[in-house]
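Trainee: Could you take one part of this protein and walk me through it slowly? I'd like to see how a single piece sits among its neighbours.

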Amino acid sequence: MKKLVIILILAVVPYVSNAQSYFDKYENMNDVTSMVITNKMFKLLSKIDFESTDKETQEYLNLVENINNIKVFVTENKGVSDKMRGDVDNYLKKSSLDELMRIKSDDGENIKFYIKPGSDEDHVKELFMYLVGNDSKEGKPETVILTITGNIDLKQVSKLANDLNIPGGKELKNVKKGN
């Protein structure tokens, strides 16, 4: 019986894992800039007593309280970018994410958004963004992977992305389920 339980657990673990662990290898890789914000940071932010009756502040606090993780990985290295593209392709094939939106700009930037459906039309369990383009300042090739997990309110996520200065954050304002 004990062996059966262990085998069952080992069989289920790959399906329970998400993008958070799938892309963790990039966190400490050379030529990759990473930003990782854990749910502990969001819980800490939600406990701060702002004593504000401002509706926007309260909405922001409600959003961050329901986020588990945000991870962003950025590279300008062609070899690392190629590895990222392969990992993104594999992840999308194995996951249950739905394509939400694609943006192709005239300067060669391609951005794709994917979601894992949530409890209702305005919420998702995971928001995944993959950007391939050029750094606007220096024109260098740039690849970005962004993954946000939790009970994510799509109405508020663009504000968070802009506040954290996440590449591709301005495009998030147009993200809506069913887009």
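Mentor: Let's take strand 5, residues 123–134, which is mostly covered: nine of its twelve residues are buried. Buried means under 20% relative accessible area, exposed means over 50%, and partly exposed is in between (1.4 Å probe, protein chains only). Strands here are DSSP runs of E with at least two residues, helices are runs of H or I with at least four, and both are numbered from the N terminus.

Before going on, keep in mind that this is a predicted model: local features need pLDDT of at least 70, side-chain atom pairs count only at pLDDT 80 or more, and totals for chains, interfaces and linings use all residues. Residues are numbered from 1 along each chain as its sequence is written, and side-chain values use heavy atoms, with hydrogens and water left out. As for pLDDT, that's the predictor's confidence in each residue, from 0 to 100. The protein chain averages 76, and 65% of the residues score at least 70. Confidence is lowest in helix 1 (residues 2–16), with a mean of 42, and highest in helix 5 (residues 78–94), at 93.

Now for the neighbours. Two strands pair if DSSP finds at least two bridges between them. On one side, strand 5 pairs with strand 4 (residues 110–117) in the antiparallel sense, over eight bridges. Those two strands make a hairpin, with five residues between them. To find your way in, look for proline 117, which stands opposite valine 124 of strand 5. Strand 5 also pairs with strand 6 (residues 141–153), again antiparallel, this time over eleven bridges. There, glycine 133 has glutamate 142 in strand 6 as its bridge partner.

Threonine 147 belongs to strand 6, and its side chain joins that of glutamate 126 through a polar contact of 3.4 Å. A polar contact is a pair of N or O atoms within 3.5 Å; within protein, one must be able to donate a hydrogen and the other to accept it, and residues adjacent in sequence count only if both atoms are side-chain atoms. Threonine 147 has a relative accessible area of 0%, so it counts as buried.

What about the nonpolar side? A nonpolar core is a set of buried Ala, Val, Leu, Ile, Met, Phe, Trp, Tyr and Cys residues joined through side-chain atoms within 4.5 Å. The largest one has 22 residues, and Ile70, Phe113, Leu127, Met129 and Ile148 touch the most other members. Strand 5 is one of the elements that each supply at least two residues of this core, as are strand 4 and strand 6.

Finally, the rings. Rings of Phe, Tyr and Trp (its six-membered ring) pair if their centres lie within 6.5 Å; planes under 30 degrees apart count as stacked, over 60 as edge-to-face and the rest as tilted. The centres of phenylalanine 23 and phenylalanine 128 are 5.7 Å apart and their planes are at 25°, so this pair is stacked. It links distant parts of the chain: phenylalanine 23 lies in the loop between helix 2 and strand 1, phenylalanine 128 in strand 5, 105 residues apart. Both phenylalanine 23 and phenylalanine 128 are buried. Together with Tyr22, Tyr91 and Tyr114, Phe23 and Phe128 form one aromatic cluster.
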